[in-house]
Amino acid sequence: MMLKEIAYNRAEAVRYAETWAMRRNPKFPNFDQMGGDCTNFASQCIYAGCGVMNPTPVTGWYCNSLEDRSPAWSGVEFLYKFLITNKSVGPYAAETGTDMLEPGDVIQLGDADGHFYHTPVVLSVENGNILVAAHSFDACFRPLYTYSFSALRCLHILGARIWA
């Protein structure tokens, strides 16, 4: 078996985000009472766009249940590390500037100390105006500029890999 590159379906990621931004998909755990649901929601959107998880224990990116999931599925820093370093199955990304963002990408917001705490999903980018969807503080088509943050990192999803 070898890894095969597949395209990231941005339209599906955005469609999922629009559908579930203001409510919870019962097929996935809800982390609202456990520190926030934003990265869980972002992972669900990315999964809708690629259709493949990485089942590697501890360092992968998957969610079968609340008890059977990787840290990257619901943790801001863990998702970042997974997407930036993943060379195996599942989605992968590059950190970029806001000028390279496309619908279906994710943004992470942080404080002045470099602690990143929120992961919205990009719904549209028009004339530099970035609109996002998010959980924790539920939002759909919220302008990025309305958030208060000191640090920002943009994750441009490049594609995904499957075993072929």
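Both Trp-61 and Phe-82 are buried, where buried means under 20% relative accessible area, exposed over 50% and partly exposed in between, with a 1.4 Å probe and protein chains only. Before I go on, a word on the source: this is a predicted model, in which local features need pLDDT of at least 70 and side-chain atom pairs count only at pLDDT 80 or more, while totals for chains, interfaces and linings use all residues. Residues are numbered from 1 along each chain as its sequence is written, and side-chain values use heavy atoms, with hydrogens and water left out.

Let's talk about rings. Rings of Phe, Tyr and Trp (for Trp, its six-membered ring) pair if their centres lie within 6.5 Å; planes under 30 degrees apart count as stacked, over 60 as edge-to-face and the rest as tilted. How many aromatic pairs does this rule give? The count comes to 5. One of them is Phe-28 with Trp-73, stacked at 5.8 Å centre to centre with 15 degrees between the planes. Phe-28 lies in the loop between α1 (10-20) and α2 (38-50) and Trp-73 in helix α3 (residues 71-74), so this pair ties together parts that are 45 residues apart in sequence. Helices here are DSSP runs of H or I, at least four residues, and strands are runs of E, at least two, numbered from the N terminus. Phe-28 is buried at 14% relative accessible area, and Trp-73 is buried too, at 0%.

Back to my opening residues: Trp-61 and Phe-82 are also a stacked pair, 6.1 Å centre to centre and 15 degrees between the planes. Trp-61 sits in the loop between α2 and α3 and Phe-82 in helix α4 (residues 76-85), 21 residues apart. Ring pairs join Phe-28, Tyr-47, Trp-61, Trp-73 and Phe-82 into a cluster.

Now for the strands, which pair if DSSP finds at least two bridges between them. Strand β6 (residues 129-134) has 5 of its 6 residues buried. On one side, β6 pairs with β5 (residues 121-126) in the antiparallel sense over 5 bridges, and Ser-124 has Leu-131 as its bridge partner. The β5-β6 hairpin has 2 residues between the strands, and Asn-127 in the turn has a positive phi of about 55 degrees.

What joins β6 to β7 (residues 139-143)? There are 4 bridges, and the two strands run antiparallel. Ala-134 stands opposite Ala-139 in β7. This hairpin has 4 residues between its strands, with Ser-136 in the turn at a positive phi of about 80 degrees.
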